[in-house]
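Please look through the chain below before reading on. The paragraphs that follow take its helices, sheet and cores in turn.

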Amino acid sequence: FFVPDEWGYAYVHLGNINYQGRYFFQLFNSFVLPRNTDQLIIIMPFYFIFWISIGILSAYGTMKLLYDNQTITKTLLLSLTLPVFLLFSVAMLSELPAFALSMLGIYLTVWFWKRGNTPIRYLVPFLVALLFVAADFTRANFIIFQLLGFIPFLVSESKKTNIAQGLLASLIFIGPAVFFMFFPYDVASAIIPTIQIALVGSHPIAVSPPITTITTAASATTIGGSPPIGPQGSIFPEAPETFNPTNMIWVFVKGMAAGWNPVILLVIASSFFLLFYKMLRKEKDSFLVFWPALLALGTFAGAAFVYSSVTSLQLSTALRYSYDALPAYFLLAPIVLSRIKKGKWYGLIIAGLVVSGLLIVPFYQGTLQSGLGGSYPYLSGNQSFLTLDYRTPYAQMRDYFHANPASQYIVVGEPKKGYFNMTYDWKFTPAVSDLNVVFYPYLSESQLKANGVTSFYLYLEPENFGLMQNYGSNVSTIYESPSFYFAKVTIS
């Protein structure tokens with residue numbers, strides 16, 4: 001299934017579109033992911049496994065340096081009750097790689113504190129800075145790690161009474177962090193598409209050739225010229241138009257409660273207060289856990305700040321952003337879990353599973369759909385998009401064409417405006433490469449008849465249902481629903 005924005009990320013990748021600001025995410029996908037829809041679907045499970053493995057192994061390594069094995073086991077098991085962790089770890093979104101990159105950076109930071117007495121120790125701040133830069137160039141709200149990730153290096157060395165070494169480690173981090181923070185935006189925006197074109201060519205999605213005899217202004221949909229510009233982005237999060245602190249807190253709380261489930265949210269809140277108490281008592285490793293956990297929570301707080309002026313923010317968006325704070329779970333949850341006895345531990349697991357189950361079915365089914373309107377006009381109506389039998393209009397068209405073979409299929413309909421269009425949406429549908437389908441915007445029967453066309457297919461979305469009246473009685477309806485209309489038209 002596709003959650004809000006995921007369709008857009010796949011579209012950007014398959015169309016070789018410049019997604020400004022997310023340079024690492026875009027370039028990495030260009031290197032490792034195919035731009036053929038069928039191949040992309042096959043490789044995606046391995047793509048998810050790659051990123052989640054980095055994230056989980058980094059989280060395990062971090063906890064191994066801080067906690068005992070029994071506590072680590074409890075933490076990993078309880079993570080299976082995090083709804084957002086389960087759902088969005090298998091989605092083509094930037095949250096998963098940003099979590100993996102930041103978690104790996106946190107692991108190296110903790111390693112520097114705990115095991116850093118080696119000749120190569122001063123490579124660690126440099127590598128951590130690059131990882132946090134990559135996380136920022138994947139999701140803009142991770143810039144907080146890039147800005148403040150040097151603090152542990154300064155504090156860890158300073159606590160050993162060697163201020164000079166602490167400053168050196170901090171400067172090694174700050175150098176690449178600042179360089180990439182102020183890297184010319186225009187230069188980066190020009191370099192990335194150039195590299196992509198060198199890798200895959202300018203137009204990786206093949207489009208069926210138009211009918212050459214039709215020469216009207218309403219020609220077939222083709223893809224030509226320079227790659228289009230995708231969603232606008234930046235390495236810096238955008239400030240809200242009007243800051244609303246109450247709404248910011250509400251976005252943060254409801255996103256955490258829905259994304260992490262209330263049971264785990266209670267565990268994390270308790271752990272945070274316990275950790276703060278430990279810091280006041282200057283207990284060992286308390287700052288080491290507190291600072292990166294605070295930065296991780298700050299990534300979601302930053303997103304809540306950006307959306308504080310949006311009073312009607314969809315819950316699906318709020319819970320999605322709670323994924324960004326996941327490093328805080330693996331740092332904070334063990335604090336409380338280490339104090340829970342065996343019998344109560346089982347009760348906590350059961351409570352987490354029950355609450356997560358109640359959230360996922362049916363709460364999450366409705367929540368994930370809450371962001372699938374507007375930008376995706378055919379994903380509307382009362383149909384559930386998360387059921388196994390759901391098919392997009394394009395998948396239904398594909399099934400029909402496979403069942404009714406022909407040398408070419410002409411589809412006429414008003415194309416979508418702006419970000420999406422019929423050709424790209426069709427090419428994103430699996431198992432269509434063997435079908436010769438040509439999409440046209442609105443053409444009259446006389447235009448088609450003058451070019452020897454005797455039949456064609458009509459695809460309309462709700463705002464254009466009225467165009468059906470233009471085709472008289474020679475229309476044979478194939479699919480009709482509140483979200484789209486598909487029919488065969490015979491020209492007499």
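Helices (H or I, at least four residues) and strands (E, at least two) are taken as DSSP runs and numbered from the N terminus. The expected span of a helix is 1.5 Å times one less than its number of residues. The model is predicted: local features need pLDDT of at least 70 and side-chain atom pairs count only at pLDDT 80 or more, while totals for chains, interfaces and linings use all residues. Residues are numbered from 1 along each chain as its sequence is written, and side-chain values use heavy atoms, with hydrogens and water left out.

Helix 14 (residues 286-306) has 21 residues and reaches 30 Å from its first C-alpha to its last, close to the 30 Å expected at 1.5 Å a residue. At Thr-299 helix 14 bends by about 25°, the bend being the angle between axes fitted to the seven residues ending there and the seven starting there. Of its 21 residues, 16 are buried, so helix 14 is largely enclosed by the rest of the structure. Buried means under 20% relative accessible area, exposed over 50%, and partly exposed in between (1.4 Å probe, protein chains only).

Helix 2 (residues 23-32) is also mostly covered, with seven of its ten residues buried; among them are Tyr-23, Phe-25 and Phe-28. Thr-71, in helix 4 (residues 69-78), counts as buried at 3% relative accessibility. Thr-71 is in contact (heavy atoms within 4.5 Å) with Pro-334 and Ser-338, leaving aside residues up to four places away in sequence.

A nonpolar core is a set of buried Ala, Val, Leu, Ile, Met, Phe, Trp, Tyr and Cys residues joined through side-chain atoms within 4.5 Å. The largest one holds 89 residues, of which Trp-260, Tyr-323, Tyr-329 and Leu-332 touch the most other members. Helix 6 (residues 95-115) supplies the largest share of this core, twelve residues. Apart from it lies another core, of 15 residues, including Trp-426 and Phe-486.

Five strands form an open sheet in the order 2-1-3-5-4, with mixed pairing; two strands pair if DSSP finds at least two bridges between them. Strand 2 (437-440) and strand 4 (475-480) stand at the edges with a single partner strand each, so one side of each lacks a neighbour in the sheet. Strand 1 (residues 409-412) and strand 3 (residues 455-460) pair in the parallel sense over two bridges, and Val-412 has Leu-458 in strand 3 as its bridge partner.
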